[in-house]
Amino acid sequence: METATVNPLLSTQKSSDSGLQAILHPLVLLTISDYITRHTLREQPGPVIGALIGQQNGREVTIEHAFECATLPRDGEVVVDADWFEQRLGQMKTIHSSPQLDLVGWYTLLPRSGPTPAILPVHNWFLSTHNESSLLLGFHPEESIRHDAGSRLPLTIYESNHEAEEPKNGRGEDEEMRDGEPPLKLRFRELPYSVETGEAEMISMDFVARGAGNATAVERREQKATSGNVDDPKGKRKMEAAESPAASSGAADGEEHVLSREDEEMIAALTAKANSVKMLQSRINLLTTYLERLPPSYLTGDDTTMITGDGEPTIPSYTILRSIQALVNRLSLVVPSATEAYEQEMVSEANDVHLMELLNDVLQSSSEIRSLGKKYNIVETSRSQSKKHADEPKILGSRFAEI
């Protein structure tokens, strides 16, 4: 029976002994996945290495943002470009100054078995230069292709400690007592982590998801537009060229009306607002219909039912009526108290908008007049030159006649 190989860089202590816990934000996952994708598609040399910034409050470390790092080959090893990293870290600290974020670790690609000896130079550089308790986030690309429901994220967070190496005596004999402490070696220990998402990050995640969908839609349009340009060896190319001009103009219009990302986002926002207004209007119509079909005599208590024209009885519900009354009473809070000042402000804002439109029209008209003047000067210059060239043979002919 074969025994599983144990990673010598992993600690033998339990993960719960440390008490340290990491809190991961989804923006970090987006940044890491984006960098891995770009690094793979562009076939960039060197490993994937990046820095993690966040906060450390006691035994709790938050990982809030990440950025990629530039690397340099040195003596057969890969190290971080120190000058570039210092400049970039200073910029990130300036941007995220409230609350103040600092370096809490770094990330790279690792196998599921754990850290490898190739990462030790970079990790020791982070420990000795910036943070003595830097974390290591290992992303496992072989697990990212799995789409099992309820599967964990393809990453592991490690903390590093210098632990004494316990000698092993496989022969079962007593060992000689030696003075001094055993040498300390760097070991990694897996940390428990949780994912925390804020409201701003939820908006960003939704924005990224919508942007990815829009990009896919544009790519499909381009593929459809270029799918008809394949040469046919049987001579059907001429028949396609002889089609009606309406079809060609329709294809050209389809290429010209490919919306940009900003246009699609604006259309999506306007569509959401239009749907909200339609829903509000439908709810108001429903309440109006309900009130119109109530029997006029139910207030006296004589009859609480009424047969409508459709043959369906309308039974008044006092709960619904109280809710409608409460809604009507809250309408006074929506309408501003100073109605005249509100209307005057609305009129002034509308006038400002119209004034800007008029100024835009004036500027466009002046630009068109300027371009028209330039064209007129070009035409007049060419006309005078052609007239001058036409008159020169007549003048020469008259001179020869006089001679």
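Let us begin with helix H2, residues 82–95, in this predicted model. Its 14 residues should span 20 Å at 1.5 Å a residue, and the end C-alpha atoms are 20 Å apart, so expectation and model agree. Which residues of H2 are buried? They are Phe85, Leu89 and Met92. These residues cover an arc of only 60° around the axis, which means that they lie on the same side of H2. An α-helix has 3.6 residues a turn, so residues three or four places apart point the same way. On the face turned away from the buried side, H2 carries the exposed residues Asp83, Gln87 and Thr94. The cover over the buried residues of H2 includes strands E2, E3, E5 and E6 as well as helix H3.

Stepping back, the chain holds 10 helices and 10 strands. Of its 403 residues, 21% count as buried. The accessible surface comes to about 29900 Å², and carbon and sulfur atoms account for 56% of that. Among contacts between residues at least 6 apart in sequence, 65% join residues at least 24 apart.

Now for confidence. The chain averages a pLDDT of 77, and 72% of the residues score at least 70.

| Element | Residues | Mean pLDDT |
|---|---|---|
| Helix H6 (lowest) | 237–241 | 45 |
| Strand E6 (highest) | 102–109 | 94 |

Over residues 215–255 pLDDT stays under 50, and the model has 13 contacts beyond four places in sequence for this stretch. Residues 304–309 are also below 50, with 19 contacts beyond near neighbours in sequence. Where pLDDT is low, the predicted coordinates should not be read in detail.

Definitions and conventions: Residues numbered from 1 in each chain as written. Predicted model: local features only at pLDDT ≥ 70, side-chain atom pairs only at ≥ 80, totals over all residues. Heavy atoms only, no water. pLDDT = per-residue confidence, 0-100. Helix = DSSP H or I, 4+ residues; strand = E, 2+ residues; numbered from the N terminus. Contact = heavy atoms within 4.5 Å. Expected span 1.5 Å × (residues − 1). Buried < 20%, exposed > 50% of the residue type's maximum accessible area, 1.4 Å probe, protein only. Arc of directions from axis to C-beta. Areas by Shrake-Rupley, 256 points an atom, 1.4 Å probe, with all protein chains shown as cover.
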